[in-house]
Amino acid sequence: MRITLLTYGTRGDVQPFVALGAGLKRAGHAVRIAAPGPYESLVAAHGLDFAALAGDPAELSRALVDRAGSNPLRIVQAVGEFAIPLGVQVLAQARDACRDADAILHSFLMTIAGHEIARERDVPDFSAQFFPIFSRTAAFPSLMFPRLAASPAVNRWTHDLTNAVFWHGNRIAYQGVRRSHPELPSLHGWPFAARDRHPPVLLYGFSPHAVPPPPDWGEGIHVTGYWFLDEDYQPPADLLAFLDAGPPPVYVGFGSVVTRDAARLGRVALDALALAGQRGVVVGGWGGLADRD
């Protein structure tokens with residue numbers, strides 16, 4: 001079976017897809033990963049076919065961290081401002097990456113594009129996510145509205161609102177692109193709508209111990225566990241010595257966060273460790289946090 005995985009974003013959006021793709025390859029499938037160009041070496045190192053998508057993921061990270069924060073409307077706005085100039089190019093590249101696919105898996109930012117391409121090709125698609133999204137439940141609120149947790153009805157409403165903001169934000173942005181590119185087809189509609197003939201199956205790449213599946217999730221939702229790359233990591237000697245010199249430390253990692261305020265983030269992390277009386281290992285990632293004692 002030929003399977004194309006569409007993902008976009010920082011390394012945290014791509015590396016789990018590489019692990020998933022490597023597992024699919026071991027199961028006998030032909031796998032292609034479409035992702036931003038800087039990740040070609042990561043994908044190729046695991047023997048997977050690669051298709052480049054345009055754009056700089058560091059720019060997107062900076063927009064989300066510095067301008068959007070946790071505001072859902074600003075998140076949609078930031079993604080739209082980043083995606084609209086690249087939309088036609090990325091959509092064409094994604095279509096080409098899926099040209100011979102028997103199935104398509106898509107990440108958060110590729111949800112609409114991946115489902116539309118699957119509908120065009122009449123092949124099944126899967127929504128692969130790293131956090132609970134697109135599936136309403138009465139058990140807990142949407143991650144966009146964590147402080148609104150209350151009654152089951154309010155919890156369901158927060159998921160409906162999150163889905164509506166995501167869908168209409170993407171739809172409006174796509175309509176803006178179509179005004180200058182009328183050759184593009186119209187969208188079929190919200191991928192997870194009950195009336196959709198082929199709604200994507202949801203694959204959640206986290207542990208059921210972290211987020212126990214609520215009883216009102218349907219049969220098309222699967223919590224699979226995390227998708228880790230099986231690599232032989234050798235810690236440097238100074239890190240091993242630090243680990244052996246005291247109680248287990250707290251790990252603070254910033255991953256692919258890119259921000260103009262890296263120094264403040266570093267101070268917050270170290271001050272929090274000091275207040276808690278904990279040893280710590282702080283990894284700045286893309287953020288370039290300044291070194292401190």
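## Basis and overall make-up

Residues are numbered from 1 along each chain as its sequence is written, and side-chain values use heavy atoms, without hydrogens or water. Because the model is predicted, local features need pLDDT of at least 70 and side-chain atom pairs count only at pLDDT 80 or more, while totals for chains, interfaces and linings use all residues.

The chain has 9 helices and 9 strands. Both are DSSP runs, numbered from the N terminus: helices are H or I with at least four residues, strands are E with at least two. Of the 293 residues, 42% are buried. Buried means under 20% relative accessible area, exposed over 50%, and partly exposed in between (1.4 Å probe, protein chains only). The accessible surface of the chain is about 15600 Å², and 57% of that belongs to carbon and sulfur atoms. These areas come from the Shrake-Rupley method with a 1.4 Å probe; for residues, only the protein chains shown count as cover. Among contacts with a separation of 6 or more, 58% join residues 24 or more positions apart. Contact means heavy atoms within 4.5 Å.

## Helix H6 and glutamate 116

H6 is mostly covered, with 9 of its 11 residues buried. Its buried residues include Thr111, Ile112, His115 and Arg119. They pack against strand S1 (2–6), helix H5 (87–97), strand S4 (103–106), S5 and H7. Just after H6, aspartate 122 takes a positive phi of about 60°.

Glutamate 116 lies in H6, which spans residues 111–121. Glutamate 116 is buried yet has no salt bridge. The nearest side chain of opposite charge is arginine 119, 6.5 Å away. Lys and Arg count as positive, Asp and Glu as negative; His and the chain ends are not counted. Leaving out residues up to four places away in sequence, glutamate 116 touches Ser186, Leu187, His188 and Gly189.

## Salt bridges

Side chains of opposite charge can pair when their charged atoms come close. A salt bridge here is a side-chain nitrogen of Lys or Arg within 4 Å of a carboxyl oxygen of Asp or Glu. The structure holds 6. In one of them, arginine 32 meets aspartate 49, with the closest N and O atoms 2.7 Å apart. Arginine 32 lies in strand S2 and aspartate 49 in strand S3, so the pair ties together parts 17 residues apart in sequence. Arginine 32 is buried, at 10% relative accessible area; aspartate 49 is partly exposed, at 37%. Arg32, Asp49 and Asp100 are linked in a network of salt bridges.

Glutamate 120 and arginine 95 also form a salt bridge (2.7 Å, N to O). Glutamate 120 is in H6 and arginine 95 in H5, so this pair ties together parts 25 residues apart in sequence.

## Aromatic contacts

There are 16 aromatic pairs. Rings of Phe, Tyr and Trp (its six-membered ring) pair if their centres lie within 6.5 Å; planes under 30 degrees apart are stacked, over 60 edge-to-face, and the rest tilted. Phenylalanine 134 and tryptophan 190 pair edge-to-face, 5.5 Å centre to centre with 75° between the planes. Phenylalanine 134 sits in the loop between S5 and H7 and tryptophan 190 in the loop between H7 and S6, so the pair ties together parts 56 residues apart in sequence. Both residues are buried. Ring pairs link Phe108, Phe131, Phe134, Phe166, Trp167, Trp190 and Phe192 into a cluster.

Elsewhere, the charged end of arginine 279 sits over the ring of phenylalanine 242, 4.1 Å from its centre. The cut-offs are NZ of Lys or CZ of Arg within 6 Å of the ring centre and within 35 degrees of the ring normal.
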